[in-house]
Amino acid sequence: MPTPLHIVVCGGIVPDPLQTLEPAAPNAAFPAQPSLKNEMMLPAVLDPWAAHALFEAAHLSAQVPGSKVWLVSLGPKAKLQQVMMTIAQKAPFELVAIDGPASGFTDAFAAAAALAATIEQIPGLDRGRLLLFGGWESASRGAGSTLQMVGERLGITEQFQGVDRIAARAEGAGFEIMERIEGGRHQVSLLSSPPAVLGWATGYLPEPRNNPQVGMANMRTIMPALQRAKAAAMNGAGPSFASVRLPAVERQTRIVKDMPPEEIAREIVAWMGEE
Amino acid sequence: MGLAVKEAKTEYLRALPGDDVRQILWRFADRFDLQMLVQSARAVARGPVARLVAQGARHTHDWTPEKRTLLQAFDESGITSVFLEPSQGGFIEGPKNLALALVAFELAWVDAGAATGSLAGFLALSPIHERGTPEQRDYYMSRCAPAQPGESREPWRGAFCLTEPLPYVGVETGLLGGKVRVAEWKPGEEPVLEVNKRGRFITNAAFANFVTAAVESDDPRIKGTCMVILEEDDPGTFDHGTPTRKLVHQLSSTGDPIFNLKVPASRMVGGYSIKDGVIVPRYSHGEIIEAVFRRTRVTVGIMTSAKLLSAIEPVIRYQRTRFRGGSIASPGSPRYELGLQLKEDAVERLVEVWATGEASASLGFAAARVFDQLDPLERRRDEVLAERKLSGTAAIKARRQLQKDALEYLSGKRPDLADEVTIQYAILDSVANVLCPACKLWNTGHGAQMMREAVSLMGGYGITEDCPGFLGHKWMDAQLEATYEGPEAVQRRQLSITMADDVFLAQFREWIREMRRVANDKPGTGACALATAMQMWLWTLHHLLHSTDANGQKLYQGARQGVTFPLADALCWLLASRCQILDAIELERKGPENPALAEGLPGLTAFLTDLCHVQAARAAGEVGRICASLVFGYNRHPAWDTEGCAACYQADDLEAMEALIPGIAALARGYVDVIESDGSHVAKAGPCVRSAGLDQFSRLRSRMDGCLTGSQLAKDRAAEALTKVMIPEALDYPA
């Protein structure tokens, strides 16, 4: 019988990717750093990579009886609450909310410090059984470093990034972990026991369907968690931004009729060479 | 103290209203169960439902395996179990009218056929829920609950089978196309009934496992009418019938089933008793459907509201991108950035569509909330009345007294009645009896017209299958929503009775005062124009109730639908506009509590206030037109005859008076009709109408015209906001 796991998933929120995301200079709402235009009014979703991590955590937790999942999320409380109305229906977890900015311009170092400090204070969390999950990337600027720093601060040295699968081995003999490496291949590692950090790529699990019964059960802890969420001090530290702008999209279209495929291929190869 | 001139910065609508805004507007910001339900229903609507529509599933009226997948999606997302109590497999405690309305809204945002399909199952259960015995409720509700983890069963699906006799598809619910007889009745045993029923246009017909069917007695041993539950495995014929060749709502199954079944008498909804050897159903079919439809019609109205609001984003995107990609607009130029939005007409018409959508949604959700309040009150009232054991004349007397007490309570004379359940029920019931038909009638009827407007804003694209947001489909679907669950005439008929109820009118008077107060605090809402229009409507109602036409016929009476129906239409405009204004005020009050809204709240409230003003002005205009035509239209126009000319000046008389009052002859010609010495007169239909006794109406009409001041400026501001609002890069469902 494998030892029950304590899985903590770090997951922030990001603006719905279908929205118009336009960087804006510091303003009254975001005086310290740039933000997105109308950022607070944009509907948000759980960061897609973190969402994969959450679904994998729930899946693993279901396979190892007695395990428990926490979702630690740093973001504006009101926005977190909206996101929870969907995410709470996907998988059983307990929310640990930290009230703070979710902007893509937030410094990863400060975010990691806030997350680690919060995780350390989770009541009943057994660090010896801890698997720290999160996204290896993020849909908000994607520094790709926050989770690693959280792990470091918690003193977890076993770190895996670009994870696509974790499987509990028979008779509690640790875990098999599959990480993405170059060339579209995976590296398989064996983890003898927690603690460990797993930065998830996309995994293989589909997004679970909404289950309102799960949502109602989660809400018993989510609403109180949102109410007692502490504000994280994130200002003052980190990089300063001289300017922010969207990457320029340049479209160069030529309409050429009856060009032979060989010629098209030659042109593409030449263009790639220029790049 | 000096006054500093401070130039206020104009705040515009920054982004389309999101969930946090809607939760405040429609009063479920404190209901996380409903917020989750919205997300669940939205995921189904913008996922499986939208994909089916985009793949062309609406091209056939047959119930296909692809369409059937929706049932599973409804089950898995919790939509199927919304109607159920937690003990029956549901997850929402208490009344569910608002919950059902939100589900209908979300599904109809993409496709109302899907919404209808989900609601039809609830409709089948509604007779059992409202009037069934406890055993019937437990049995059928739990079977309709989706399987829980570990269970391997298919939930039952139901259909509601009312149906008027073929070939008429009329509105008379007193006529039924189904018969029930006693098939077998052994002494000391439960009677067995034989039910013959042919359904027409029955939703969920293709796959229903059970049906709640309305039937009338064809046997002297059964009294009157009833509703009876038929199951697929009952002995006899349970034929799902042929699919209806409908042009709309193709994602729901509709057919003409045929039933010839033997069922135990205990399947009568609500049970029965036996008196003198006759089976007496506890409830007639009329009593049951009254309880059912008064709730479910609200959700139908809300479906059309969803269509209108769902049209905004695709139309804005179409307008802005209309000239992009061509040679006539270069990036950065106004034409490239704003496209058709450079033209005032394009954006102002969209403002009207949006204002209508907001008003109709406000009315619909207000009605749903009223029913949520009414449901528990109704049960408590039933208990109180059961304890009093009143019947016959005593019951009639008690009802009259109740009405009297309710009026006294509303007038403030009897504050001691505040906790009296029967009084509170009567007061709220009188509002529900108006809001429900008003919502069904106005949201769908006027909504269908405005949906046409939305389609027209997309140009030729609007009536293609490629139109983003499926607007063409939605336009056609709106017409069905105006028809099913009681066509417009049924709603107008109901309103013509309920809107003249004294208890309702006492509250309506208070609503007029309420709108004046709102106007005082928030002048930009158009509440003042609305209050005047409400006053005019009330004046007109009283006038019509006590007046006769030119032939001496009473004006306000049941058969005089030319009088009662337009007045019912006029009331709907007022109610929708009032609800919209109240919602906007709620947002202004509660919005600042939500930090996520703080950034854009000034622009948002300014925009929604302008929409209120636009809609109030439109409502006032409609009410003025209708009331004027009713007040004046039934009087005979004076003719150039003896009677008509009696009120005119004679030229000879004026000449004689000229000697005494110089200038009167010329002056009089400017104000009154004058018959010249040779009997000639100005060329027109007759002497001008003297509105004896109608002066007050004329003053109101004139005042109301003045109240429209500023409404077009509000429309201009709202239209400008549409050119600045940020919209997503793409629609969040396939098209």
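1. Chain A has an accessible surface of about 14100 Å², and carbon and sulfur atoms hold 54% of that area. Accessible areas are computed by the Shrake-Rupley method with a 1.4 Å probe, and for residues only the protein chains shown count as cover. Chain B has an accessible surface of about 31100 Å², with 52% on carbon and sulfur atoms.

2. This is a predicted model, in which local features need pLDDT of at least 70 and side-chain atom pairs count only at pLDDT 80 or more, while totals for chains, interfaces and linings use all residues; side-chain values use heavy atoms, without hydrogens and water. Residues are numbered from 1 along each chain as its sequence is written, and chains are lettered from A and ligands numbered from 1 in the order in which they are written.

3. Chain A contains six helices and 13 strands. Helices (H or I, at least four residues) and strands (E, at least two) are DSSP runs, numbered from the N terminus. The C-alpha trace of chain A spans about 65 × 50 × 35 Å along its principal axes.

4. Of the 275 residues in chain A, 45% are buried, where buried means under 20% relative accessible area (1.4 Å probe, protein chains only). Among contacts in chain A with a separation of 6 or more, 75% are between residues 24 or more positions apart. A contact means heavy atoms within 4.5 Å.

5. Chain A carries 22 positive and 26 negative charges, whose mean positions are 7 Å apart. Lys and Arg count as positive and Asp and Glu as negative, with His and the chain ends left out. Each charge is placed at NZ of Lys, CZ of Arg, CG of Asp or CD of Glu. In chain B there are 82 positive and 92 negative side chains, and the centres of the two sets lie 1 Å apart.

6. Chain B has 23 helices and 12 strands. In chain B, 56% of the 735 residues count as buried.

7. Chain B is divided into domain 1 (160-288), domain 2 (293-634 + 706-724) and domain 3 (647-688), with bounds from an automatic or database domain assignment. The centres of domain 1 and domain 2 of chain B, taken over C-alpha atoms, are 36 Å apart. Six residues from domain 1 of chain B and nine residues from domain 2 of chain B take part in the contact.

Definitions and conventions:
Buried < 20%, exposed > 50% of the residue type's maximum accessible area, 1.4 Å probe, protein only.
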